[in-house]
Amino acid sequence: MKVCEVGELNTRAARAKARGLLLLIAAGEDPRPKKKVEILAAAKAAEKAEDEAARAAPLGVPTVREAWSRFRVSHLERKQRSPATIRGYTDHMERLFADWLDRPLSELGDEPRLLADRHDLISANNGPAIANGAMRTFRAVYNHARKTCRALPPENPAAAVDWNPEKRKDTAMGVTDLPGWFEQLARITNPIRREFHLMTLLSGSRPEVLKNVRVTDLDLKHRIMHLSKPKGGEIKAFDVPLSRAMMESIFRLRRIAPIIYPESGRVWLFPSDAPCGHMTEHKEDRAVLSHWGNDLRQTYRTLAQAAEVSEVDMHLLMNHALPGVNSGYITRSKLMRDHLRAQQERLSAFFIGAAVKRGRPSSDELSRWLNSTSRTLLDDLMAEDPDAVRLKAGPRAAIRKLEVQAARLAVHALPSVLIDAPSRRSRTSTTRP
């Protein structure tokens, strides 16, 4: 072993230090630095623990890691569950149960108290809802492993958990709340985020699903928007009928998005500068916008009751499973282009009408925003490509061009001096005879 660095000690001092080290070795002590000793000891202890765990596990019983890996591949990925679902399961198993991954699953099955104690610990550190979700994930993994390993105890250890009480969120708006909410929404400077919140309300869609809508998912001729990645995965993909108010929102998006985001704006309905190309975060300050996200989905369902839309129609519009055997005979696609679109139109008119009811004063921002879509252009939009319609508008959009550029500067935080003035085109004067 090294005694010292070159030049650190003279020959006599180095020999004296070497004799001292030899005396320690002769006395049975390890003269090496304690850090190296502790590392070697920890490595030997870990190796010994792995050997003991391997000897303790019954033949054929998987570890928690092996059971989770099999569950993920065969139950989540093979059945094409949504990425958000897979992320949630992965977070539970690989973060909240990280120290259990190499333990035999039978050990936890024989000692359900371990799971009950872990539920209490997660409840204290992470919250009651996350603790319940983690236990449901573990329960599903254990039940899946039990199908192929009868050596596991038949009773799921999650049965020992005292579940935390959970309450469904009650954050929907009423009819009287809509005017104030629309006024707040009209003052949001980012036009893409503004249209995103409006489309969430008008469609009743889950925010994470709406963010993934591509331009190619829009069938504007038949007024349909395809949601390819809903909750439950691609197998649950469905179409949403588009009302006139939703078409106007899409036209505003297709007019402004390619200008603000030249690349991603031609691919995604709600583009951004995120690496994925589309919106990833939809949360707003509650002082700026009081309701967003799933609040708007709850509002959609709540006000549909006030608009007297039937229960079955709401299940079809929100892609919920139809209750009862009789409803299973309904073919959703055959109702899409007439009946369901009429119901969607009814809901959109109810929402917009409640916000801008005749006789109620509206702010300049709200009036300019909702009235910015020409009826003639909207009719063209339903028959042609929206980018072609935008280019065909030509000089008629000179003032609107300023608003689009102003929005672009606000989104990218650019100086206002970059706004181009509308071009002054010479008009041929006509001489009266």
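Is R118 buried or exposed, and what is its relative accessible area? R118 is buried, at a relative accessible area of 11%. Buried here means under 20% relative accessible area, exposed means over 50%, and partly exposed is in between, with a 1.4 Å probe and protein chains only.

Before I go on, the basis. This is a predicted model, in which local features need pLDDT of at least 70 and side-chain atom pairs count only at pLDDT 80 or more, while totals for chains, interfaces and linings use all residues. Residues are numbered from 1 along each chain as its sequence is written, and side-chain values use heavy atoms, with hydrogens and water left out.

Back to R118. Its partner in a salt bridge is D99, with 2.8 Å between the closest N and O atoms. A salt bridge is a side-chain nitrogen of Lys or Arg within 4 Å of a carboxyl oxygen of Asp or Glu. R118 belongs to helix α6 (residues 112-126) and D99 to the loop between α4 and α5, so the pair ties together parts 19 residues apart in sequence. Helices, H or I of at least four residues, are DSSP runs numbered from the N terminus. D99 is exposed, at 52%.

R118 also lies over the face of W100, 4.3 Å from the ring centre. To count, NZ of Lys or CZ of Arg must be within 6 Å of the ring centre and within 35 degrees of the ring normal. A second case is R286, whose charged end is over the ring of W292, 4.0 Å from its centre.

Now the rings. The whole structure has nine aromatic pairs. Rings of Phe, Tyr and Trp (its six-membered ring) pair if their centres lie within 6.5 Å; planes under 30 degrees apart are stacked, over 60 edge-to-face, and the rest tilted. F97 and W100 are stacked, 5.6 Å centre to centre with 25 degrees between the planes. W100 and F138 have centres 6.4 Å apart and planes at 75 degrees, so that pair is edge-to-face. W100 is in the loop between α4 (83-96) and α5 (105-110), and F138 is in helix α7 (residues 128-146), so the pair ties together parts 38 residues apart in sequence. F97 and W100 are buried, and F138 is buried too.

Last, the other salt bridges. The search of the whole structure gives 13. Among them is E195 with R252, closest N and O atoms 2.6 Å apart. That pair links helix α9 (residues 191-203) to helix α11 (residues 244-260), across 57 residues. Both E195 and R252 are buried.

Methods
Helices (H or I, at least four residues) and strands (E, at least two) are DSSP runs, numbered from the N terminus.
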